[in-house]
Amino acid sequence: MTEEEIINAEDLDYNFRYEISEKVGAKSLLKCIQCGVCSSGCTVTEYVDLQPHRVVASCLLGLKDRVLSSNAIWTCSLCHRCTERCPKGVDYSFILALLRNLAVKEGNCPEEYRGTIQTIYDNGYVVPYTGGLATNIDRRRDRFGLPKIVPPDLKEIDIIMNETGIGNLIKKASENKESDK
Amino acid sequence: MEYALYLGCTIPLKLPHFEYAFREISNYLGLTFKEMEGASCCPDPVATQSVSIDTWLTLAARNLCLGEKLGLDILTICSGCFETLKTAKVLLSEDKAAFDRVNTVLKKIGYEYKGTSNVYHFAELFSQEEYLEKIKKILMNPLDDLNVAVHYGCHLIRPSKILQFDHPERPETIDKIIKALGAKTVAFAGKLECCGFCARLQEEIGFKLVEDKMTELKELEEEVDVMVGVCPACVGQYDRKQRLLSRKTGKELDIPVLYVPELMAIAFGVEKDKLGLTNRSVKPNKLLEKLNI
Ligand code: SF4
Ligand code: SF4
């Protein structure tokens with residue numbers, strides 16, 4: 001960041017660091033010493049607007065909006081090299097997943113990811129397994145002499161998704177299907 | 001040994017030939033399985049974890065419960081599944097609040113997660129001395145003279161404090177398996193680089209990573225006959241993107257990419273025509289010619 005920029009203290013969200021660090025696996029945030037090791041080995045470092053150590057610094061400073069709107073949180077390939085190499089044990093890749101969760105809560109969920117969730121909701125799998133598609137899959141498996149697929153009870157998946165707070169992301173076309181039966 | 005076999009979704013639904021190769025070699029190695037009927041997607045460590053860590057952990061714990069009900073440790077055949085299930089297992093053992101939250105939800109569907117089953121990837125198993133010895137005894141077609149590039153892939157080895165799989169910067173598990181088959185593994189700088197499949201929202205990243213690694217392999221002094229991996233995402237990524245890159249850049253990127261159990265099956269003498277080896281973008285014709293099978 002080269003341009004000069006003044007941010008007013010009242011625009012900072014000092015609680016942001018605690019919002020993150022109270023979560024499973026993200027407690028390590030507060031230990032960062034800004035050494036930059038995470039950024040130097042990062043797989044996507046040349047593609048992000050905020051490098052890993054800067055994301056961590058921004059979280060600590062309370063620059064919540066800047067972090068949640070940066071492309072850095074979505075560009076990461078989750079290769080976990082930052083977490084592996086951090087000398088202070090900061091679980092950056094896990095913190096990053098948490099930042100994604102927060103962005104999603106604010107209504108910013110990439111359609112690709114929402115689509116994957118929908119596919120799991122509808123099929124129990126990330127691969128569609130209904131109707132003609134299922135028949136084709138079964139036929140291919142038969143040719144290899146493989147055992148029959150026994151899919152999960154989708155009601156259980158539905159309950160888990162709703163109870164863990166992502167029901168709003170799912171298009172419940174399946175509810176119509178249910179009532180058609 | 002008997003395990004609860006966790007197949008995930010990509011391999012059983014899209015790549016049945018991988019599953020076939022895996023089951024064949026397991027048979028030779030004397031492993032037996034109980035199927036985890038009713039298991040769902042692990043769920044995938046990228047989209048699901050990104051959307052909600054709670055959902056991710058709870059769905060994973062539901063799958064772990066199915067292994068617990070069978071009273072067996074769980075064996076995975078995909079690195080994504082391994083990462084999800086193992087991470088869930090470790091996090092839930094370290095975080096009592098998360099453990100309770102997960103079980104509160106699971107109770108509503110009649111499950112209880114206890115944490116009694118361990119989670120393994122087959123690479124961990126097959127690289128143990130006991131299995132390496134078995135492998136050497138089973139060999140029908142030793143892969144002498146074969147130069148193999150091993151791709152470990154991120155979700156098998158990192159973060160090591162959770163996955164507890166191998167040395168995170170100098171892993172050797174897969175190399176051991178390949179060497180037991182009689183082949184040589186090549187050393188190269190990009191060995192531990194990410195395949196880029198999980199940087200899903202920006203495909204150029206994957207293209208760049210695949211191009212860098214494959215170009216390096218093509219420029220090595222020894223000719224690389226095949227690249228192998230233990231994750232369907234990595235294997236598919238290198239296979240498909242090589243073809244696309246060759247078309248786009250004119251570079252000849254044509255190293256066949258096999259799933260480790262496929263190469264093991266070849267070495268064990270499983271009938272080649274049953275393995276579906278041509279079900280990929282870069283056909284392994286040269287490799288099969290060299291092996292003379
Ligand atoms: S490697 Fe760890 S301590 Fe160093 S800047 Fe990154 S997060 Fe902070
Ligand atoms: S996990 Fe993400 S942020 Fe960390 S090194 Fe890999 S790509 Fe970079």
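A charge is taken to sit over a ring if NZ of Lys or CZ of Arg is within 6 Å of the ring centre and within 35 degrees of the ring normal. On that basis, K241(B) lies over the face of F207(B) at 4.8 Å from the ring centre, and K248(B) lies over the face of F207(B) at 4.2 Å from the ring centre. The model is predicted, with local features needing pLDDT of at least 70 and side-chain atom pairs counting only at pLDDT 80 or more, while totals for chains, interfaces and linings use all residues. Side-chain values use heavy atoms, hydrogens and water being left out, residues are numbered from 1 along each chain as its sequence is written, and chains are lettered from A and ligands numbered from 1 in the order in which they are written.

**Aromatic pairs**

- Over all chains there are 14 aromatic pairs, where rings of Phe, Tyr and Trp (its six-membered ring) pair if their centres lie within 6.5 Å, and planes under 30 degrees apart count as stacked, over 60 as edge-to-face and the rest as tilted.
- One of them is the tilted pair of W74(A) and Y113(A), at 5.9 Å centre to centre with 55° between the planes.
- At 0% relative accessibility, Y113(A) counts as buried, a term that means under 20% relative accessible area (1.4 Å probe, protein chains only).
- F22(B) and F122(B) also form a tilted pair, 5.5 Å centre to centre and 40° between the planes.

**Aromatic cluster**

- One aromatic cluster is formed by F18(B), F22(B), F33(B), F122(B), F126(B), Y131(B) and Y259(B).
- Within chain B, F22(B) is buried at 0% relative accessibility, and F122(B) is likewise buried at 0%.

How values were computed:
Buried means under 20% relative accessible area, exposed over 50%, partly exposed in between (1.4 Å probe, protein chains only).
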